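This note sets out a few points to be read alongside the model. Please follow each one with the structure in view.

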Amino acid sequence: MAETELQMDIPAEHEQNIFGGLDAYLKKIERSLKVEVISRDGSIKILGSDQGVELAKWTFDQLLERSLHGNEITEQNVDYIISLALEHSKESYSDLDKETIAYTIQGKPIKAKTHGQQQYVKAIRDKMMVFGIGPAGTGKTYLAMAMAIQAFKNNEVNKIILTRPAIEAGEKLGFLPGDLQSKIDPYLRPLYDALYQIMGAESFVKNSEKGLIEVAPLAYMRGRTLDNAFIILDEAQNTTPAQMKMFLTRIGFGSKVVITGDLSQKDLPFAVESGLEQAAAVLKPVEEIAFTYLTNKDVVRHPLVQKIVHAYEKYEAREKYKESRKPKNRKGPTGGRK
């Protein structure tokens, strides 16, 4: 097979950012796209098949544009751009740089890191109610939190309400020492962590004391009407259908609601239907409600998390297929087998 050769410029000051420490990103691109890359004096030479060279050039173009905009390139960025290249996607990764959702307390910009996340953020902006469904690490809660804090700062809502069902993840914590609040707090810790990072502990405490920010278990929502609030229901896969209906009917005028969950990590008792699963089926025809489904491609934690999620998805798909192939025992009119 004939080998194609292509040369492109990579400014020396951007090489370290694009190639990664010890050329780790460069080697990953070579392995993934089956090309050879030779770097010399502010330019690179790409060797390989026509398609491999074309995809590698597109990958380096995306990384260079990101670096030129002053962004630090991470392994997640590289993995995602390679996945776009392999899918022959027409979506430009640089589009994700155009919009900043909010800033952390340290001044770091919060942006969508994948096109799936970008669609999720757009849905939150455009719709009154959004369901964000996907695996761990896809930024469902964090992005919703950033949008809530931004809406609060812009006076679009009067308060933020963050809630999640208090269900043990396979562990019984009821007999641990402490009062009710100390037993509930561990369930709400991920929400506190995101709030502190984006808003800062001092600002959170001040607004919390004024009743403008509330973090509470889902059970505390019963009997309330929530007007002019940005409400986030996290870990919604652990709601029962009755709890989900109760929550959805609390929504008042001027409110925005984001419901997040991962249907692959239910902690409900066996054979209990998830309120999130039921709501996704029941509310699908309602135009004012958006459903955003994130996948393992949208995982923005450590790259290993993406591989773990993908491995579990493959395993569960195999098990489901095996189950579907098992012969069904059919009984005759008298109760015996036919």
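1. Ala, Val, Leu, Ile, Met, Phe, Trp, Tyr, Cys and Pro count as nonpolar, Asp, Glu, Lys and Arg as charged, and the others, Gly among them, as polar. By these classes, the lining of the second largest pocket divides into 9 nonpolar, 4 polar and 4 charged residues.

2. The model is predicted: local features need pLDDT of at least 70, side-chain atom pairs count only at pLDDT 80 or more, and totals for chains, interfaces and linings use all residues. Residues are numbered from 1 along each chain as its sequence is written, and side-chain values use heavy atoms, with hydrogens and water left out.

3. The second largest pocket has a volume of about 450 Å³. A pocket is an open set of points on a 1 Å grid over the protein atoms alone, where a 1.4 Å probe fits, with protein on both sides within 12 Å along at least five of seven lines; lining residues have an atom within 4 Å of a point. The volume is the space filled by probe spheres set on the points, which are joined across faces, edges and corners. Of the 17 lining residues, D262, L263, S264, E313 and E316 lie nearest the centre. Helix 11 (residues 303–325) gives the largest share of this lining, 5 residues; helices (H or I, at least four residues) and strands (E, at least two) are DSSP runs, numbered from the N terminus.

4. The largest pocket has a volume of about 1,200 Å³. Its lining comprises 44 residues, and K113, G139, Y142, Q197 and V300 are the closest to its centre. Two or more lining residues come from each of helix 4 (75–86), strand 5 (109–110), helix 6 (140–153), helix 7 (180–199) and strand 10 (256–261). By class, this lining has 12 nonpolar, 18 polar and 14 charged residues.

5. An open sheet is formed by 3 strands in the order 1-3-2, with antiparallel pairing; two strands pair if DSSP finds at least two bridges between them. Strand 1 (4–9) and strand 2 (35–40) are at the edges with a single partner strand each, so one side of each has no neighbour in the sheet. Strand 2 and strand 3 (residues 43–48) run antiparallel and are joined by 6 bridges. R40 stands opposite S43, and S39 stands opposite I44. In the hairpin of these two strands, which has 2 residues between them, D41 takes a positive phi near 50°.

6. A further open sheet has 6 strands in the order 8-7-9-10-6-11, and here the pairing is parallel. Which strands lie at its edges? They are strand 8 and strand 11, each of which pairs on one side only. Strand 6 (residues 129–133) pairs with strand 10 over 5 bridges in the parallel sense, and F131 stands opposite I259 in strand 10.

7. I289 belongs to strand 11 (residues 289–293). Is I289 buried or exposed? I289 has a relative accessible area of 14% and is therefore buried, where buried means under 20%, exposed over 50% and partly exposed in between (1.4 Å probe, protein chains only). The C-alpha atoms of I289 and V257 are separated by 9.6 Å, although these residues are 32 apart along the chain.

8. The largest nonpolar core has 34 residues. A nonpolar core is a set of buried Ala, Val, Leu, Ile, Met, Phe, Trp, Tyr and Cys residues joined through side-chain atoms within 4.5 Å. I124, M145, L162, L195, V215, F230 and I232 have the most contacts inside this core. Helix 6 supplies its largest share, 9 residues.
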